[in-house]
Amino acid sequence: MRIAVTGSIATDHLMTFPGRFADQLVADQLHTVSLSFLVDTLDVRRGGVGATICFGMGQLGTRPILVGAAGYDFDEYRAWLDRHGVDTGSVRISEVLHTARFVCTTDADHNQIGSFYTGAMSEARQIELQAVADRVGGLDLVLIGADDPEAMLRHTEECRSRGIPFAADFSQQIARMDGDEIRILLDGATYLFSNEYEKGLIENKTGWTDAEILGRVGHRVTTLGARGVRIERAGEPAIEVGCPDEEAKVDPTGVGDAFRAGFLSGLSWGVSLERAAQVGCMLATLVIETLGTQEYTLRRAHFMERFIKAYGDEAGAEVQAHLA
């Protein structure tokens with residue numbers, strides 16, 4: 001399968017302040033705050049949901065197609081993704097804007113002050129999926145991930161009008177979308193991804209029941225945190241897959257993106273939904289054991305050893321045939 005992933009491309013600039021923000025604030029001067037903080041550390045990480053999902057798929061050898069917008073400062077990030085098996089030929093490069101950026105300072109009490117710069121992400125709405133399909137010889141599935149909201153709507157409508165199967169994955173953008181927009185984005189999706197909280201939010205905002213949503217999508221894929229994932233299809237028993245044992249719990253950031261990367265890779269290989277979900281859960285476990293969304297290393301022998309321990313020899317044999 002040729003799978004394109006649309007979504008944000010960003011870098012995170014994370015800093016730590018050894019003191020407490022609260023100690024620097026004067027109660028009767030909050031209307032005119034002017035502060036700067038001398039920080040101890042700066043950690044620059046590659047991020048964005050589109051790029052992170054593609055990185056995971058590249059690690060599994062499925063050669064995903066990244067579709068999104070980045071700035072003229074994207075060269076180093078592009079080289080990283082290219083080296084890890086991602087097709088970046090359909091990334092739009094802005095001539096005037098930087099790549100989207102999250103800048104955040106965390107104090108000793110884990111309070112945070114952060115800013116998100118949209119930057120080049122706003123140009124994602126100018127990308128035509130047909131041009132992507134023409135370049136790669138057709139698309140079998142498009143994941144529409146969190147991105148510029150106008151881009152998400154445009155990509156969804158284009159998939160629908162051109163008959164390209166698509167997966168809806170609102171992620172953090174669900175908070176700013178209203179019910180009408182969410183109904184447009186999910187109606188007719190082959191897959192609808194969300195976590196448990198987002199599942200309830202989707203139902204609340206759309207006014208549709210769980211059964212009504214299942215009648216409008218092919219499969220509803222709900223991640224359940226440490227309990228794994230549930231996959232539902234109207235009129236069929238749910239598929240539930242648990243997570244492998246963790247060796248450590250370091251940082252949950254990027255775990256959901258890693259699950260999607262593994263699940264989509266399983267679809268690309270043509271394995272069952274249960275096997276695809278198992279691959280997703282295994283990859284998500286590697287990410288939670290690592291600081292950073294793209295800092296893990298997938299060592300195939302180690303991956304398969306842990307996969308077989310969690311899901312058995314038969315499951316391992318099916319997956320290893322594609323991962324080797």
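The following legends describe close-up views of a predicted model.

Residues are numbered from 1 along each chain as its sequence is written, and side-chain values use heavy atoms, with hydrogens and water left out. Because the model is predicted, local features need pLDDT of at least 70 and side-chain atom pairs count only at pLDDT 80 or more, whereas totals for chains, interfaces and linings use all residues.

**View 1. The stacked pair of phenylalanine 17 and phenylalanine 21.** A search of the whole structure finds twelve aromatic pairs (rings of Phe, Tyr and Trp, the last by its six-membered ring, with centres within 6.5 Å; planes under 30 degrees apart are stacked, over 60 edge-to-face, the rest tilted). In the pair shown, the ring centres are 5.9 Å apart and the planes lie at 5°, so the pair is stacked. Phenylalanine 17 and phenylalanine 21 are both buried (under 20% relative accessible area, with a 1.4 Å probe and protein chains only).

**View 2. The edge-to-face pair of phenylalanine 193 and phenylalanine 263.** The centres of these two rings are separated by 5.7 Å and their planes by 85°. Phenylalanine 193 belongs to strand E11 (residues 191–195) and phenylalanine 263 to helix H8 (residues 255–269), so the pair ties together parts 70 residues apart in sequence (helices, H or I of at least four residues, and strands, E of at least two, are DSSP runs numbered from the N terminus). Both phenylalanine 193 and phenylalanine 263 are buried. Together with Tyr191 and Phe259, they form one aromatic cluster.

**View 3. The packing of H8 against helix H9 (residues 273–288).** The two axes come within 7 Å and cross at roughly 145° (axes are lines fitted to C-alpha atoms over the stretch in contact; angles run from 0 to 180 degrees between N-to-C directions). Among the contact residues are Phe259, Phe263 and Trp269 of H8 and Ala276, Gly280 and Leu283 of H9 (contact means heavy atoms within 4.5 Å). The residues of this contact comprise 16 nonpolar, three polar and no charged (Ala, Val, Leu, Ile, Met, Phe, Trp, Tyr, Cys and Pro are nonpolar, Asp, Glu, Lys and Arg charged, and the others, Gly among them, polar).

View 4. Leucine 141 counts as buried, at 1% relative accessibility.

Note on methods. Buried < 20%, exposed > 50% of the residue type's maximum accessible area, 1.4 Å probe, protein only.
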